[in-house]
Amino acid sequence: MEDKSHCRICGKLKEKKHIKYVNIDVYIECECERKLREEKEQADYEYAKETAIRLRNINSRLSNLGQKASFKTAKVDKYNEVAVRGGKYLLNQLLKQGGTESKNSLVLQGNRGSGKTYIACAIINDFNERYPVHEAYINQILKERKNLCYEKYFSPVKSPCKFITEMDLYVLFYEDYNYCKTESLLDEMKKAEKLLVIDDVGASNYDKNRLQTMYLNIIDYRYSQGLPLMLTTNLTKAELSDYIGDRCFDRLRSCSYFVDIVSPESRRC
Ligand SMILES: Nc1ncnc2c1ncn2[C@@H]1O[C@H](COP(=O)(O)OP(=O)(O)OP(=O)(O)O)[C@@H](O)[C@H]1O
Ligand SMILES: [Mg+2]
Ligand SMILES: [Zn+2]
């Protein structure tokens with residue numbers, strides 16, 4: 001049987017205290033045991049915090065490629081300089097606590113391979129790294145770690161920034177949507193607390209009316225709630241207006257900065 005009367009580390013006899021209420025003796029933790037326990041608690045906490053950030057990033061739904069994007073490592077040149085600045089500006093707005101300004105959204109236009117998706121992903125990755133995770137999630141991970149062995153079975157850590165392509169959004173909107181479910185993935189996207197990125201606007205060849213209904217539904221919601229939005233597209237302003245519909249474009253224009261990236265060649269290698 002474990003000897004509770006002596007310190008496991010230094011072997012010193014521990015001080016005893018009688019608890020009247022339950023009529024038992026307890027041994028007071030030795031100084032070195034206390035130090036070890038606190039170190040372990042600190043290490044567990046650090047692990048939980050890092051895991052929470054990782055799980056939150058996964059919950060943003062970036063692609064594997066997108067998870068590597070960051071302003072810390074982004075190449076900046078004369079072609080994408082303004083767009084990178086626009087992206088960083090949006091990131092800083094999102095990191096601020098409290099309300100954002102009325103122009104809180106960004107539309108990145110530009111040719112194929114110019115780095116639009118990269119900037120959108122860098123905003124989300126850098127946001128997730130810097131924005132504090134709620135203590136409740138850290139406690140949840142500490143608890144789950146005790147009961148479960150694998151990280152993949154941990155409960156999700158909800159991300160306030162979401163990423164989705166137009167094509168996937170269309171499928172969610174028209175095919176996966178379950179009207180009986182209030183907490184659907186579509187709702188999570190539409191109502192993302194900080195930022196919703198819709199990537200590749202104009203890249204699909206779905207039915208135009210259905211696309212316009214989808215965009216109006218989502219963009220009108222975010223606009224009316226003052227929630228930031230980011231679109232990336234190969235379309236020009238006029239083409240975008242025609243594509244998403246002028247009623248929707250009007251809302252988008254009033255809440256967004258438009259930045260054009262024109263790079264002479266694709267950055268894809
Ligand atoms: N600033 C950057 N720093 C480093 N790598 C970058 C940067 N911008 C883009 N890239 C890389 O270049 C490639 C193309 O970029 P990206 O996919 O963002 O282009 P895009 O404008 O979204 O293209 P498309 O219009 O085809 O969707 C990617 O592999 C990306 O990782
Ligand atoms: Mg792209
Ligand atoms: Zn001791």
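Which helix gives the largest share of the shell around ligand 1? The answer is H3 (residues 116–130), which supplies 3 residues; helices (H or I, at least four residues) and strands (E, at least two) are DSSP runs, numbered from the N terminus.

Before the tour begins, note that this is a predicted model, in which local features need pLDDT of at least 70, side-chain atom pairs count only at pLDDT 80 or more, and totals for chains, interfaces and linings use all residues. Residues are numbered from 1 along each chain as its sequence is written, while chains are lettered from A and ligands numbered from 1 in the order in which they are written.

**The whole protein**

Display the entire C-alpha trace, which spans about 80 × 50 × 35 Å along its principal axes. The secondary structure comprises 9 helices and 7 strands. Of the 269 residues, 30% count as buried; a residue is buried if 20 or more other C-beta atoms lie within 10 Å of its own, exposed if 12 or fewer, and partly exposed in between, with C-beta atoms placed from the backbone.

**Ligand 1**

Next, select ligand 1 and the 16 residues around it, of which Gly115, Lys116, Thr117, Tyr118 and Arg267 come nearest. A residue is near a molecule or strand if its C-beta atom, placed from the backbone, lies within 6 Å of it. By class, this shell holds 2 nonpolar, 8 polar and 6 charged residues. Ala, Val, Leu, Ile, Met, Phe, Trp, Tyr, Cys and Pro count as nonpolar, Asp, Glu, Lys and Arg as charged, and the others, Gly among them, as polar.

**Strand E6**

Proceed to residues 229–233, strand E6, where 5 of 5 residues are buried. In a regular strand the side chains alternate between the two faces of the sheet. Leu229, Leu231 and Thr233 are on one side of E6 and Met230 and Thr232 on the other, and both faces are covered.

E3 (residues 105–110) runs parallel to E6 and is joined to it by 4 bridges; strands pair if DSSP finds at least two bridges between them. Here Leu106 stands opposite Met230. E5 (residues 195–201) is also parallel to E6, again with 4 bridges, and Ile198 stands opposite Leu231.

**Leu196**

Finally, select Leu196, which lies in E5. Leu196 is buried because 25 other C-beta atoms lie within 10 Å. Leaving aside neighbours within four places in sequence, its contacts (C-beta atoms, placed from the backbone, within 7 Å) are Lys162, Met189, Arg222 and Leu229.

Key:
Two residues are in contact if their C-beta atoms, placed from the backbone, lie within 7 Å.
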